Amino acid sequence: MEAALTILGSGSALPTFQNSPSGQILNLCDKSFLIDCGEGTQLTMRQMGQKLARLYTVFISHLHGDHCFGLLGMISTFDMMGRTQPLHIYAHPDLEKLLRPQLDYYCKGLRYDLQFHPINPYKKEVIFSDRTVTVETIPLKHGVPTCGFLFYEHHRDQETRKRYAYVSDTEYSEKIVPQIEGVDVLYHEATFTDEYESRCKATMHSTARQAALIARQAQAKRLIIGHFSSRVDDHNIFLNEALQEFPDTVLAIERKTYVV
């Protein structure tokens, strides 16, 4: 299977008719990884024909609702579908504390193993590794503990080892550049345009231009921008501002798949 990224949601906190909250599926080395799980994620997956049974691992960047409100419903759906394989969730330890009472109420008697793996968003470290794929945290700067994720292949029999970096909600930070240097694809949040730069600073987000500056400094091969504010209807404004700094930029378009 070709390494690929499917956008399930590319909006920010307020859902719109145009955008759903954050969610992505990364297919790497014949494995499917869910990155963030905003409200409606499972619905989009099913509408797209994504094979939910192939999903074993979920990575949650932080505990703002637009990145995790879809998780409880998906867990319940898996049980109703007769799932037996374990589901592994990597997230800030507070996620399990918050979900446990809801799981006990809505998902009592869950017929598959739900395994939470606590991560430290403030520390760069390997949180997942098997024979072919490794995942590292990318510490970010946001209003709550937040990290991105760096995925990379490491099996010996492949000359070209794909690397994908997911940079979730964060203010502009050049500290992440060395860790993501030379990635094949960089997804970087671009919540605001230049017009709302003051709002951007207040909420600890990035502009499209700032995302492009990070991509340029990291010498990424390609940049995908998303997490668009509902304040801006025309997404081409985001794109045009980013293109001024980094020509190989595309918009995160929901239900579209990008080669990594």
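**Packing in the predicted model**

Leaving aside neighbours within four places in sequence, Ile 180 is in contact (heavy atoms within 4.5 Å) with Ile 138, Arg 163, Ala 165, Leu 186, Ile 214 and Ala 218. A second, separate nonpolar core of 26 residues includes Ile 35, Cys 147, Tyr 164 and Tyr 258. A nonpolar core is a set of buried Ala, Val, Leu, Ile, Met, Phe, Trp, Tyr and Cys residues joined through side-chain atoms within 4.5 Å. Buried means under 20% relative accessible area, exposed means over 50%, and partly exposed lies in between (1.4 Å probe, protein chains only). The structure is a predicted model, in which local features need pLDDT of at least 70 and side-chain atom pairs count only at pLDDT 80 or more, while totals for chains, interfaces and linings use all residues. Residues are numbered from 1 along each chain as its sequence is written, and side-chain values use heavy atoms, with hydrogens and water left out.

The largest nonpolar core has 31 residues, and Ile 180, Leu 186 and Ile 225 have the most contacts inside it. At least two residues of this core come from each of S9, strand S10 (163-167), helix H4 (177-180), helix H6 (208-218), strand S12 (223-226) and helix H7 (236-243). H6 gives the largest share, six residues. Helices (H or I, at least four residues) and strands (E, at least two) are DSSP runs numbered from the N terminus.

Aromatic rings were examined next. Rings of Phe, Tyr and Trp (its six-membered ring) pair if their centres lie within 6.5 Å; planes under 30 degrees apart count as stacked, over 60 as edge-to-face and the rest as tilted. By this rule there are 14 aromatic pairs. The ring centres of Phe 59 and Phe 128 are 6.3 Å apart with planes at 90 degrees, so this pair is edge-to-face. It links distant parts of the chain, since Phe 59 is in strand S4 (residues 55-59) and Phe 128 is in strand S7 (residues 126-129), 69 residues apart. Both Phe 59 and Phe 128 are buried. Phe 59 also forms an edge-to-face pair with Phe 151, at 5.4 Å centre to centre and 90 degrees between the planes. Because Phe 59 lies in S4 and Phe 151 in strand S9 (residues 147-153), this pair ties together parts 92 residues apart in sequence. Phe 33, Phe 59, Tyr 90, Phe 128, Phe 149, Phe 151 and Tyr 164 form one aromatic cluster.

In helix H2 (residues 71-80), seven of the 10 residues are buried, so the helix is largely enclosed by the rest of the structure. The buried residues are Leu 71, Leu 72, Met 74, Ile 75, Thr 77, Phe 78 and Asp 79. They pack against strand S3 (31-37), helix H1 (41-47), S4, strand S5 (87-91), helix H3 (94-106) and strand S6 (114-118). H2 is followed by Gly 82, which has a positive phi near 85 degrees. The charged end of Arg 83 sits over the ring of Phe 78, 4.6 Å from its centre, and also over the ring of Tyr 112, 5.5 Å from its centre. A charge sits over a ring if NZ of Lys or CZ of Arg is within 6 Å of the ring centre and within 35 degrees of the ring normal.

Glu 174 is found in the loop between S10 and H4. With 44% relative accessibility, Glu 174 counts as partly exposed. Not counting residues up to four places away in sequence, Glu 174 touches Ile 214 and Gln 217.
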